[in-house]
Amino acid sequence: MIEVKDLTRYYGTRCAINNISFQIEKGEVVGFLGPNGAGKSTTMNIISCILPASSGSARINGFDTFDQSLEIRKIIGYLPETPPLYSDMVVKDYLKFAAGVRGIDGKNIPASVDRVIQKCSLKDVGHRIIGRLSKGYQQRVGLAQAMVHDPEILILDEPTIGLDPIQIIEIRKLIQELAEEHTIILSSHILPEITQICKRVIIINEGEIAAIDSLGGLTASLRKSERLSLKIRLPQDSVIEKLQGLEQVISAVKGEENEYLVECALRSNLQDKIAKLALENNWGIVELKPVSMTLEDIFLKLTLEEKEPAA
Amino acid sequence: MKNSWIIAKRDLGSFFNSPIFYVVTTVFLMVYSYIFINILSFFSLQSMQSGQFQQMGMALNINEMVIEPSFQNMAVILLLIIPVVTMRSFAEEKKSKTFRLLLSSPVHLKEIVFGKFMACMIVVFLMIFLSSYSIGFLFMIGEPDLGPVLTGYLGVLLMAGCYVSVGIFASSLTENQIVAAVITFGFSLFMWVIGWGAQTADSGTGQVLQYLSVIEHMDRFLKGMIETSDLAYYISFIIFGLFLCHRTLDSNRWR
């Protein structure tokens with residue numbers, strides 16, 4: 001279990017994170033979301049005992065990251081934004097070295113290395129020099145390095161950055177598999193990634209937490225209105241006017257081609273009335289469905305709303 | 001200790017996998033051998049001339065006239081070469097961001113520092129070991145005294161240890177290997193020549209300056225003496241350098 005309380009970190013006079021508090025339970029998969037420079041990496045560096053905090057505390061399984069960091073470092077695996085790869089080493093030797101410094105006994109090292117090679121599908125490149133591998137393989141070696149000691153907690157800082165779409169899918173799949181056995185903290189500014197892998201999201205913006213919630217919760221709490229999309233075959237000029245005439249409709253706009261977006265009050269259940277309207281006026285209804293807010297909308301809304309008072 | 005060895009082993013691997021070790025060792029051996037051959041031929045020239053002068057033969061001593069100057073020259077070459085050996089230690093780790101692997105591992109910072117020191121010392125030891133063919137050759141053709149040879153090697157190694165400790169400290173200061181090498185070279189050279197100030201300074205300051213000089217403490221080792229004060233000087237120099245390196249790395253995390 002990870003408990004972060006009032007965590008603050010300054011770089012010189014610049015405040016990177018300010019009073020961050022959150023909790024992560026064992027076995028959870030949590031996504032850190034935020035624009036570049038929001039403080040995601042700093043938070044992760046503090047949790048993995050690389051940086052000390054300026055004030056506040058982070059505790060993992062009851063151990064403090066500052067006073068008892070050695071205990072924590074045994075149970076975490078960390079993949080920084082740039083994978084810590086010695087480019088002149090052979091993959092297998094590198095993993096053996098990582099296993100060694102991560103405190104695995106000499107006699108158990110070959111077994112651990114074989115396990116991660118298997119898990120990260122590195123069998124074909126085991127004897128190649130890391131510097132000559134493709135970015136995707138390097139990222140996998142980085143991931144293998146983080147889990148070679150079978151840590152309880154995996155901290156992955158933007159694990160899919162700079163990869164091509166196929167590699168992204170592969171890494172994502174791998175993380176999803178890992179999620180079954182490990183607590184995972186994952187950071188990203190790529191939204192679909194978080195939606196696919198994480199159950200809970202912590203949105204950080206300008207060093208402060210903008211929101212912590214499950215995906216569903218976030219979507220629900222941020223929705224002040226519902227949106228319906230209506231597609232018709234025979235558009236008429238008066239469609240928008242008639243839609244706006246309905247009770248509880250906030251606005252109606254024309255989308256692509258013959259699609260209309262109707263924004264209405266929460267729980268107004270306007271589907272019946274809109275359908276009736278369509279039938280009465282012979283619009284030729286094709287589709288009528290609720291549009292759920294994507295994480296991207298939430299993200300933009302949160303990070304932009306934050307800025308408005310300041311401006 | 002076990003962790004230090006793991007780190008040292010990796011560093012050694014990267015020394016032997018890159019051309020650095022081979023280039024540095026070759027240059028070291030070539031320069032050393034050239035100087036050694038010159039010292040030796042000068043000695044043999046004098047030996048031949050000594051037949052003509054009775055009293056001169058008494059002064060001919062292979063330890064004093066060949067081995068001692070060879071060690072002194074070796075110390076100069078090491079001063080030039082060791083910065084190249086140590087410059088990568090932390091600078092490269094920081095530049096290629098691999099240092100985070102070590103920092104997030106259950107390893108004490110002092111174990112990391114000691115591991116790096118050990119790796120560089122092993123490289124230097126190998127270089128000195130390879131150069132020992134010259135002394136072996138002297139044993140084949142003459143009868144040098146073994147004692148001063150052994151203490152001489154101990155002295156050279158301890159002095160090399162001082163350079164390495166300065167080098168590792170310099171490497172922890174920067175991400176740039178060239179900057180690290182220049183700082184190491186400059187500081188080592190300064191610690192070498194610091195004793196020169198003794199000639200003009202008043203006697204109290206002069207003595208201190210003399211004592212601070214790295215080369216000053218070599219002389220007795222070369223003569224076959226192991227003095228506690230010399231040992232204390234070298235060992236505290238090494239430990240102080242490693243301590244500064246440890247503090248630098250630790251304070252980097254706070255900035």
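The model is predicted: local features need pLDDT of at least 70 and side-chain atom pairs count only at pLDDT 80 or more, while totals for chains, interfaces and linings use all residues. Residues are numbered from 1 along each chain as its sequence is written, and chains are lettered from A in the order in which they are written.

**Contact between the chains**
- In chain A, 25 residues are in contact with 21 residues of chain B (contact: C-beta atoms, placed from the backbone, within 7 Å).
- On the chain A side, α2 (69–75), β6 (76–79) and α3 (91–101) each give two or more residues (helices are DSSP runs of H or I, at least four residues, and strands of E, at least two, numbered from the N terminus).
- The most comes from α3(A), with five residues.
- By type, this side of chain A has 14 nonpolar, six polar and five charged residues (nonpolar: Ala, Val, Leu, Ile, Met, Phe, Trp, Tyr, Cys and Pro; charged: Asp, Glu, Lys and Arg; polar: the others, Gly among them).

**Helix α1 of chain A**
- Eight of the eight residues of α1 (residues 40–47) are buried (20 or more other C-beta atoms within 10 Å of a residue's own, with C-beta atoms placed from the backbone).
- Among them are A:Lys40, A:Met44 and A:Ile47.
- Just after α1(A), A:Cys49 has a positive phi of about 65°.

**Nonpolar cores**
- The largest nonpolar core has 125 residues, and A:Tyr94 and A:Ala144 have the most contacts inside it (a core: buried Ala, Val, Leu, Ile, Met, Phe, Trp, Tyr and Cys residues joined through C-beta atoms within 7 Å).
- Helix α9 (residues 146–173) of chain B gives the most to this core, with 12 residues.
- A second, separate core of 13 residues includes A:Tyr260 and A:Trp283.

Notes. Contact = placed C-beta atoms within 7 Å. Buried ≥ 20, exposed ≤ 12 C-beta atoms within 10 Å, placed from the backbone.
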